Amino acid sequence: MELSTYLHRIRFDGIVRPDLPTLRAIHRAHQYTIPFENLDVLLRRPVVLDPEASYDKIVGRRRGGWCYEMNGVMGWVLKEIGFEVMRISAGVMRVLAGDAQLGNHLCLLVHLDQPYLVDVGFGGSLAEPLPLKASEREDRPYRLALSEAGDSYWRFAEIAGGEGDAFSFDFRAAPADEELLARKCRYLQTDPASPFTQNLVVQRRRAETHLSLRGRVLASIHSARVDTKLLNSADELVATLRDSFDLDTPEAASLWPSICARHEALFAGTSQVS
């Protein structure tokens with residue numbers, strides 16, 4: 001695990017110091033370079049919490065990853081630079097499903113002049129770290145908010161394209177329950193009810209546009225509109241992963257039948273089925 005190799009991977013050529021400008025720059029560079037993706041889950045390759053395995057995948061093999069991998073590597077990187085970093089176990093959509101969601105997301109808290117929420121594993125909405133205080137911010141094409149949710153919980157929420165329902169996660173500013181994270185990591189990649197075993201999800205930032213591939217549907221999310229395109233073949237899937245997300249994964253073609261079946265199940269009888 002080499003810090004310089006990671007910095008080359010995210011195309012960062014500045015001087016690194018444990019200060020806010022460095023934290024912002026590395027966070028933004030990672031978000032713009034490395035995609036969120038769950039290909040290994042669908043290909044039934046085990047995903048682990050080990051930072052060395054995540055580093056090999058993301059840096060050595062130039063892949064992306066999900067929260068446990070992306071924020072796992074980011075936590076290691078920031079500690080190498082000299083930042084004070086705390087891993088946090090969060091719960092995506094705890095606002096609807098309650099405490100059973102806790103541990104299904106890993107994020108980070110970095111202490112400088114004040115605590116900052118660092119998260120490069122939530123699909124790319126958070127362009128730069130967010131101070132841990134009630135606030136709203138626009139990281140186009142997302143509108144972001146951080147608020148107190150009661151019982152010492154904080155809630156991070158994002159709204160894409162300036163409209164629609166918020167997508168959120170809750171967390172406490174306390175060290176992660178590592179056993180809980182490990183259990184949730186296993187569940188999310190093995191249980192048939194997990195959204196990650198059911199759906200292909202690949203996301204990345206491009207300046208003020210967000211690209212999102214969910215199954216066959218490729219969406220380009222802008223501040224005022226969302227453009228969608230339906231993929232029509234396994235070859236087009238592989239080409240989209242390569243050209244739009246910088247993922248050289250020809251083995252993804254084997255997922256095409258299950259992706260089509262899932263699309264039919266979700267959109268049967270609607271205009272999105274074809």
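In the loop between strand 7 and strand 8 (153-160) lies D151; helices (H or I, at least four residues) and strands (E, at least two) are DSSP runs, numbered from the N terminus. The model is predicted, so local features need pLDDT of at least 70 and side-chain atom pairs count only at pLDDT 80 or more, while totals for chains, interfaces and linings use all residues. Residues are numbered from 1 along each chain as its sequence is written, and side-chain values use heavy atoms, with hydrogens and water left out.

Phi of D151 is near 55°, a positive value in a residue other than glycine. With a relative accessibility of 57%, D151 counts as exposed (exposed means over 50% relative accessible area, buried under 20%, and partly exposed in between, with a 1.4 Å probe and protein chains only). R44, in the loop between helix 3 and helix 4, also has a positive phi, near 60°. Its relative accessibility is 77%, and R44 counts as exposed. Most residues other than glycine have a negative phi, and most peptide bonds are trans. The peptide bond from R140 to P141 is cis, with omega near 10°. P141 is placed in the loop between strand 6 (135-139) and strand 7 (142-150).

Helix 7 (residues 178-190) has 13 residues and spans 19 Å from its first C-alpha to its last, close to the expected 18 Å (1.5 Å times one less than the number of residues). Its buried residues are L180, L181, K184, C185, L188 and Q189. These residues cover an arc of only 150° around the axis, which puts them on the same side of helix 7; the arc is that of the directions from the helix axis to the C-beta atoms. An α-helix has 3.6 residues a turn, so residues three or four places apart point the same way. On the other side of helix 7, E179 and T190 are exposed. The buried residues of helix 7 pack against helix 3 (39-42), helix 5 (67-81), strand 2 (84-92), strand 3 (102-111) and helix 8 (195-198), where contact means heavy atoms within 4.5 Å.

Helix 4 (residues 51-60) and helix 5 pack at an angle of about 105°, with their axes 9 Å apart. Axes are lines fitted to C-alpha atoms, for helices over the stretch in contact, and angles run from 0 to 180 degrees between N-to-C directions. Helix 4 and helix 5 are therefore roughly perpendicular to each other (65 to 115 degrees). P51, S54, Y55, K57 and I58 in helix 4 meet E69, M70, V73 and W76 in helix 5.

Definitions and conventions. Parallel < 35°, antiparallel > 145°, perpendicular 65-115°, else oblique.
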